[in-house]
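User: I would like a close look at one part of this model. Please keep it brisk and give the cut-offs as you go.
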Amino acid sequence: MIKINKLIQIFILIFLMISLSSCSKTDINFKPAVKTNISENPVNGDKQTKKYFPKILKKFPHNPSSYTQGLIFHNGDLYEGTGQYGSSKLMKINLKTGYPLKSLDLLPVYFGEGITIFNNKIYQLTWQSNKGFIYDINSLKKIGEFTYPTEGWGITNDSTSLIVSDGSNFLNFYDPINFSVIKTIMVVRKDDTPVYNLNELEFINGMVFANVYMTNEIIVINPNTGVIEASIDVSELRYHLDDIADAEVANGIAYNDKTNTYFLTGKYWSNLFEVKLIEE
Ligand SMILES: [Ca+2]
């Protein structure tokens with residue numbers, strides 16, 4: 001009998017231990033709620049932003065005298081708009097060789113900026129002339145002009161609006177027919193910090209990718225809210241340039257939707273990289 005009593009005591013002891021351990025588990029379950037509160041704190045809010053880095057798949061040559069301002073990949077060819085007074089161009093480029101298949105010089109009074117392709121027409125901005133140019137995609141012949149009230153930095157489109165950056169922390173959405181402003185969004189991190197100097201743009205899978213001038217960061221902006229959902233650190237690409245002597249900031253984002261790969265380059269960079277994005 002005594003032995004059985006001891007057995008019962010042991011069973012009660014084990015039962016108590018299990019109960020206690022499940023109690024402490026319940027305590028642990030409260031922790032995520034606390035965590036959520038911390039991450040909603042403005043100071044720590046940007047920790048929610050997904051971080052990516054580029055994994056290089058291929059390295060292509062890029063003309064190191066091109067001051068890259070706009071980059072698009074379309075039907076197997078690369079289109080590039082370049083800046084600087086007296087050497088601004090619009091080019092259709094053979095990706096593999098880096099040589100232009102077609103090239104058009106802008107008048108020396110214009111400093112070329114971003115480019116986008118909308119309805120088989122190429123739109124190109126200029127920096128401080130408040131004037132943009134429209135070209136036939138095949139011939140690169142100029143077929144029109146448009147005006148806008150801000151500086152011109154980057155341009156892309158969401159198939160409805162032309163989306164334009166002007167170096168500020170705002171993106172303007174323009175009607176592509178009459179160039180009226182449809183909407184303006186303020187670009188902020190998840191902790192509400194504004195991000196300025198938005199430069200070259202690319203609309204990819206519902207999001208606006210933007211180089212941030214003077215940094216190695218590409219931000220991924222939700223076009224409905226202006227909130228930065230992801231951040232890509234492209235600093236590693238510079239280590240893979242054949243010639244870094246004249247290389248300036250990273251600028252230029254293009255996308256191949258057939259392969260889900262990105263083309264990235266920079267101002268006066270000797271190379272252009274085809275990359276996949278890997279989450280950190
Ligand atoms: Ca682009």
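How many helices and how many strands does the protein chain have? Then take the open sheet that holds β3 and β4: in what order do its strands stand, and is the pairing parallel or antiparallel?

Analyst: The protein chain has one helix and 20 strands. Helices (DSSP runs of H or I, at least four residues) and strands (runs of E, at least two) are numbered from the N terminus. Residue numbers start from 1 along each chain as its sequence is written. The model is predicted, so local features need pLDDT of at least 70 and side-chain atom pairs count only at pLDDT 80 or more, while totals for chains, interfaces and linings use all residues.

Now the sheet. Its order is β2-β3-β4-β5, it is open, and its pairing is antiparallel. Two strands count as paired if DSSP finds at least two bridges between them. The edges are β2 (68-74) and β5 (100-105); each has a single partner strand, so one side of each is left without a neighbour in the sheet. On average, neighbouring strands here are turned by 15° against each other, direction ignored. Axes are lines fitted to C-alpha atoms (for helices, over the stretch in contact), and angles run from 0 to 180 degrees between N-to-C directions.

Look at β3 and β4. Strand β3 covers residues 77-82, strand β4 covers residues 89-93, and four bridges pair them in the antiparallel sense. Glu80 stands opposite Met91 in β4. In general, strands of a sheet pair through backbone hydrogen bonds, either parallel or antiparallel.

Next, the loops of this sheet. Asn75 sits in the loop between β2 and β3. Its phi is positive, about 50°, although Asn75 is not a glycine. Asn75 is exposed: 7 other C-beta atoms lie within 10 Å. Lys96 belongs to the loop between β4 and β5. Lys96 counts as exposed too, with 10 C-beta neighbours inside 10 Å. Lys96 and Asp77 are 19 residues apart in sequence, and their C-alpha atoms are 9.4 Å apart in space.

For reference, here is another sheet. This open sheet of four strands runs β6-β7-β8-β9, with antiparallel pairing. Its edges are β6 (112-118) and β9 (142-147), each with a single partner strand, so one side of each is left without a neighbour in the sheet. Its neighbouring strands are turned by 25° against each other on average, direction ignored. Strands β6 and β7 (residues 121-126) run antiparallel, joined by five bridges. Gly112 faces Thr126 in β7 as its opposite residue. Asn130 lies in the loop between β7 and β8 (131-136). Asn130 has a positive phi of about 55° without being a glycine. Asn130 is partly exposed, with 14 other C-beta atoms within 10 Å.

Last, the chain as a whole. Of its 280 residues, 34% are buried. Leaving aside neighbours within four places in sequence, Ile219 is in contact (C-beta atoms, placed from the backbone, within 7 Å) with Val195, Ala210, Val212, Ile228 and Ser231. Of the chain's contacts with a separation of 6 or more, 50% join residues 24 or more positions apart.

Definitions and conventions: Two residues are in contact if their C-beta atoms, placed from the backbone, lie within 7 Å. A residue is buried if 20 or more other C-beta atoms lie within 10 Å of its own, exposed if 12 or fewer, and partly exposed in between; C-beta atoms are placed from the backbone.
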